[in-house]
Amino acid sequence: MIDIKDFLHNLLSLPGLSAYEEPARQKISETWKPLVDEMYVSPIGSLHALSRGVGSEPRPKILLACHMDAIGMMVTGIEDGFLRFTEVGGIDHRLLPGMRVNVHGKRDLPGVIVMPRAELLPEGNGTAPVAMKYLFIDTGLLPEEVASLVKIGDLVSFAQEPSELPNDIVMGHTLDNRVSVAAVTICLEELKKVSHDWDVWAVATVQEEETLGGGLTSPYAIQPDLAIAIDVTFAKGPGASDYRTFPLGKGVTLGIGSNVHPGFFKAVKDVADRLEIPTHDELMPLYSGTDALAMQIVREGIATLVLGIPLRYMHTPVEMVAMKDIQRAGRLMAAFIAGLPQDFMQRLHWDD
Amino acid sequence: MKELIRSLVDTTGPSGYEMQVTELVKQLIKGIADEVKVDAMGNLIARKGTLKKGGKRIMLSAHMDEIGLIATHVDDNGFVRFTSNGGVFPVYLLGGRVRFLNGVEGVIGSESDSRDQAPAMNKCYIDVGAKDRESCPVKVGDMAIFVRPYVDLGTRLVSKALDDRVGVAVLIETMKQLKDTPHELYCVFSVQEEVGCRGAMTAAYAVDAELGIALDVTRTGDTPKCTKMEVALGKGPAIKVRDSGMLSDPKVVRWMQETAEKEGIPYQLEILDAGSTDARMMQVSRAGMSAGVISIPCRYVHSPSEMVDYQDVLDCVKLLKALLSNPINFG
Amino acid sequence: MTTKNMAPLIEKEQIDLLERLSNACGILSDVGEIRKIVLESIKPYCDDVHIDALGNVLAIRKAQQPDALRVMVAAHMDEVGFMVVEKEEGGLFRMVAVGGIDSRYLPGKPVLAGKEHVPGVIGAKPIHLMKKDEMNNTMELEDLRLDVGPDGGDKVKPGDPVYFATKFQQVGPSLMGKALDDRLGVVSLISLIQHAPANIELLAAFTVQEEIGLRGARVAAYAFNPDLAIVMDSTPSHDLPTWDGSENIYYNTKLDAGPAIYVADTGTLSDPRLLQRLFKIASENEIPYQIRQPGKGGTDAGSIHRQRAGIPSVSISVPGRYAHSPVMISRFNDWKNTLTLVHTALAEMPKNLLQRN
């Protein structure tokens, strides 16, 4: 049996910014290998892994999408040994001053993000937050050495080590969305123990944070009948309390809105209720900010579902998730898939 | 190549109405493509070469369209109101001249008396010399382009529509010079890039390639007090790492860098914070494809006086030719 | 069904259908009420009808000749409205807007909520209790509540749609109601199916999620893979006087000036060959038309024309004042002329119009 917490800790320590997912992909591929029947990498780097079903041909397919890319930064210029940078994915520049980072140059360099004082900035900035374009990374090295080790386009990731808080709460960066990779891993492991009619395609997608590139392309290749985006959602916490937030460690969320097929929602919700896996309805009045947004409109359209794992402090290096919710997400997917009848699509209707 | 570039920038082709450029390119590539067709959107797709050992199906894209204006209203006194076709900056409008597709020319004025600030586009008008609505030779929906003569400054060239006719020129010249390739090349002269890379989206679908390369201009950071950007005129082709629409496939970036280094071609690495190219559509087409961009550094992008360095242009051809002459070993 | 090849007319039956559709609710994918009416209206006339994974209704009416042009015609079923997101005490609920709605339209309006059409209101603070200058501030949706009465709270739940409780009316030359954007197009498309020209294979798409990014039309176009597409929508008319009496140059379209043909908008540059064809057909048949002012805005054509290897597209809209508000006003004649123009253009569409080389 895979030690999920151990796997997650390992995965969190690996870089893998959008479009540069290679290190994460290798680890995931290694872990999934014994759990699946077939695996390949898509032209833009998503990992496609098949757990074959036992139903008769043509066998219906379900796609489980968890994005593996991380947010971070990229070097855009070098000035007197200081590095200028831009973001990859969405980052609040107000978090950055004083942040420890790793610069992935010719070798990994530790660095810190620094904020020039007001006199060195355009007039009028005063004590206001400093825009990202005026922040620097200081590696502590001399200009010549920096110039020989770092070039434009080099990646920068958060240096925060993952750690654990009481009662199985994981803390670190890139829990968005490596926790969902862990949940899909749990699901694959469960599916190994039971027979399922459907083919299951576990997909670790790329570039979700930038272009939804994986979500747009993997379903094109796989052509699933159903697709689930497993991603993090907002946990209640300081500054986050409205209808878009859910208690940490008290269950997973199921999306309701235009990116979700209502019949698919109901089928999954029924399984959760039967197994007493706690779920919350997550209202998405406009869009889901996940791969589901892309997957739904691939080819002739795909019935999609959004499964959410509540997480605090999204897109900071100190994200927080309850292990219990990761387990729930994995178990729920596995139980739903195990019970999927071969003719589910014929029974899936718009309730008019 | 200067004549080639000049013939291209002197031709009229606003987004959606690229037909004159299409005809010119057809003439220019006569005999150097194995197969030429125009698709439903108007993209000109030319195939060159057939797949050999170590070869790939490659889509190369340079867009034919240029930014322009569209008439939205002719007022009681014959002044033509307009909106943009593609990304037009109001700051470049005043005193400029335009030509409609029917040949009518006009000058741009504004409602505001202020000469210090750029007026909003909806406060500007085109004066075609008409007395009233009835006598105005322009009607709502008519398309116009900016008019400004081509200038050869020796090492630097200045013109409207260098974005992206210089890319078109690089692609044509490369097709000419490329004697032998293991690849099956689909040279796409795309339409409607300036309004959202629409032509490239459908061409990428039709071509269904394994690798996509766009040839387009990029901004520079080498003019007084401009936004910081590590690209300059005259320092060689810019290999795109990312822009606001995509991250290039790192394998493609590495391949381009290594090829440039091996061939002794100068190059720069580009990170562009606003703007994108046809490559972003190629990357997510169908099941996805490896995509990258060779950018031609260009000052004053989307003004009627864009400027490129001639040596950069020649080096872009050299780099592209080197890239396409040999088998590709990655992915 | 002897009227097969005649231009469809707009008679009492069509007006009644528009009334039903205007009064019904259909927000984003939640368009069950609309879909039901569409399905019952078109089923007898179609060779194939199905609902896809997003909820679009895709219907095919075959041509009566071989090798016919395959033409997609699209109209969107969804309208702008609200979704209930949070329950508060005493029959009050928080809402989020679904689609672009100017919040200045909201205070003091009656609404309906949920599948049961529970009546409610969006209230406002009494004028007597306001602070000085408070009237200068816009009342934003986050400060407003759906109120279904102190004891009605059990009838509504988070996730329910909310929409304006406007009853459709025909007044003189005008049609007044909510959601004429794009129920006018929906009825037009139903009529086209019922009176489909014999020379084309009609691929009808009643789409969802138009108001949030033209998403339904995208997969519909991929599925149909047509030779060309025509989108029938509704477009705003801002043809009101200016405050100082100067010439209105921002009207977008004008009522009574005929169908609005799109040359360019945010999402599409209409195919020039289709445009020329429409202009020609309109002139020859003395159908009035106008060119919608090029500029912002868009229709389903924005996603249709980019699908697969490219699909030449054009949009034709019925002009309407006060779109995305509780009451829209369109003219019966503009609607009639729109339908006639589209029908005539289809019936006389040359097979080789879009050939290249």
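Let me start with one pair of residues: A:Leu165 has A:Ile169, in strand S11 of chain A, as its bridge partner. Keep in mind that this is a predicted model.

That pair belongs to a longer stretch of pairing. Strand S10 and strand S11, residues 169-172, both of chain A, are joined by 3 bridges and pair in the antiparallel sense.

Now the sheet itself. It is open and has 3 strands, in the order S10-S11-S18 in chain A, and the pairing is antiparallel. S10, residues 163-165, and S18, residues 319-322, are the edge strands of chain A; each has a single partner strand, so one side of each has no neighbour in the sheet. From one strand to the next, the twist averages 30 degrees.

Next, the helices. Helix H4 of chain A, residues 175-193, lies across S11 and S18 of chain A and runs at about 25 degrees to S18(A). Helix H8 of chain A, residues 323-338, also packs on the sheet, where it touches S11 and S18 of chain A. The direction of H8(A) makes about 60 degrees with that of S18(A).

How do the two helices stand to each other? The axes of H4(A) and H8(A) come within 8 Å and cross at roughly 40 degrees. H4(A) and H8(A) are therefore oblique to each other. The crossing of H4(A) past H8(A) is right-handed.

Which residues meet there? From H4(A) they include A:Val179, A:Ala183 and A:Cys187, and from H8(A) they include A:Ile326, A:Gly330 and A:Met333. Sorted by type, the residues of this contact between H4(A) and H8(A) are 13 nonpolar, 2 polar and 2 charged.

Key
Residues numbered from 1 in each chain as written. Chains lettered and ligands numbered in written order. Predicted model: local features only at pLDDT ≥ 70, side-chain atom pairs only at ≥ 80, totals over all residues. Pairing = 2+ DSSP bridges. Helix = DSSP H or I, 4+ residues; strand = E, 2+ residues; numbered from the N terminus. Axes fitted to C-alpha atoms, helices over the stretch in contact; angles between N-to-C directions. Contact = placed C-beta atoms within 7 Å. Parallel < 35°, antiparallel > 145°, perpendicular 65-115°, else oblique. Left-handed = near helix turned anticlockwise from the far one by under 90°. Nonpolar A, V, L, I, M, F, W, Y, C, P; charged D, E, K, R; others polar.
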